[in-house]
Amino acid sequence: MRSAKATDNFPYEMSTVCYFEVDKNGDVSQVYHKNKSDRPKVLEAYQRAMNKTTTLYAVWPGRWSSDLFIIDDLDAFAKAFNLI
């Protein structure tokens, strides 16, 4: 697993990046972000991550493989989606 914070210019808004969150029980749910109407769901996921009730992850697909990232820069995530 890689760190979004340690990656130069992580593509938070790229449409092919898939976000999901994992709660303390290991339950996984997808975070939708494809259009502006999904903003409330993204905001809720961000707030849960800020409250440390879930952890956000992203899969960034590449040409030959996909990489898993922990979203460990919640400020950058929030700015990319205009949440703050």
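Modeller: A salt bridge is taken here as a side-chain nitrogen of Lys or Arg within 4 Å of a carboxyl oxygen of Asp or Glu. The model is predicted: local features need pLDDT of at least 70, side-chain atom pairs count only at pLDDT 80 or more, and totals for chains, interfaces and linings use all residues. Residues are numbered from 1 along each chain as its sequence is written, and side-chain values use heavy atoms, with hydrogens and water left out.

Colleague: How many salt bridges does this rule give?

Modeller: Side chains of opposite charge can pair when their charged atoms come close. In this model the count is two salt bridges. One of them joins the side chains of D67 and R2, with an N to O distance of 3.2 Å. This pair links distant parts of the chain, since D67 belongs to strand β5 (residues 66-70) and R2 to strand β1, 65 residues apart. Strands (E, at least two residues) and helices (H or I, at least four) are DSSP runs, numbered from the N terminus.

Colleague: Which residue forms a salt bridge with E21?

Modeller: The partner of E21 is R48, and their closest N and O atoms are 2.6 Å apart. Here too distant parts of the chain are linked: E21 lies in strand β2 and R48 in helix α1, 27 residues apart.

Colleague: Is E21 buried or exposed?

Modeller: Relative accessible area decides this: under 20% is buried, over 50% exposed, and in between partly exposed (1.4 Å probe, protein chains only). E21 has a value of 4% and is therefore buried, whereas R48, at 30%, is partly exposed. In the other pair, D67 is partly exposed at 29%, and R2 is partly exposed at 41%.

Colleague: In what order do the five strands form the sheet?

Modeller: Strands are paired if DSSP finds at least two bridges between them. The five strands form an open sheet of mixed pairing, in the order β1-β5-β4-β2-β3. Strands β1 (2-3) and β3 are at the edges; each has a single partner strand, so one side of each lacks a neighbour in the sheet.

Colleague: Where does helix α1 pack, and what does it touch?

Modeller: Helix α1 (residues 39-50) packs on the sheet and touches β2, β3 and β4. Its direction makes about 125° with that of β4; axes are lines fitted to C-alpha atoms, for helices over the stretch in contact, and angles between N-to-C directions run from 0 to 180 degrees.

Colleague: Which strands are joined by antiparallel bridges to β4?

Modeller: Strand β2 (residues 18-23) is joined to β4 (residues 54-61) by six bridges, and within this pairing L56 of β4 is the bridge partner of E21. Five bridges join β4 to β5, and these two strands form a hairpin with four residues between them. The pairing of β1 with β5 is parallel, over two bridges, with F69 of β5 as the bridge partner of R2.

Colleague: What is T7 in contact with, beyond its neighbours within four places in sequence?

Modeller: Contact means heavy atoms within 4.5 Å. On that basis T7 is in contact with R2, W60 and F69. T7 lies in the loop between β1 and β2 and is buried, its relative accessible area being 15%.

Colleague: Is V28 buried or exposed?

Modeller: V28, in strand β3 (residues 28-31), counts as exposed because its relative accessibility is 56%. Leaving out residues up to four places away in sequence, V28 touches F20, E21 and V22.
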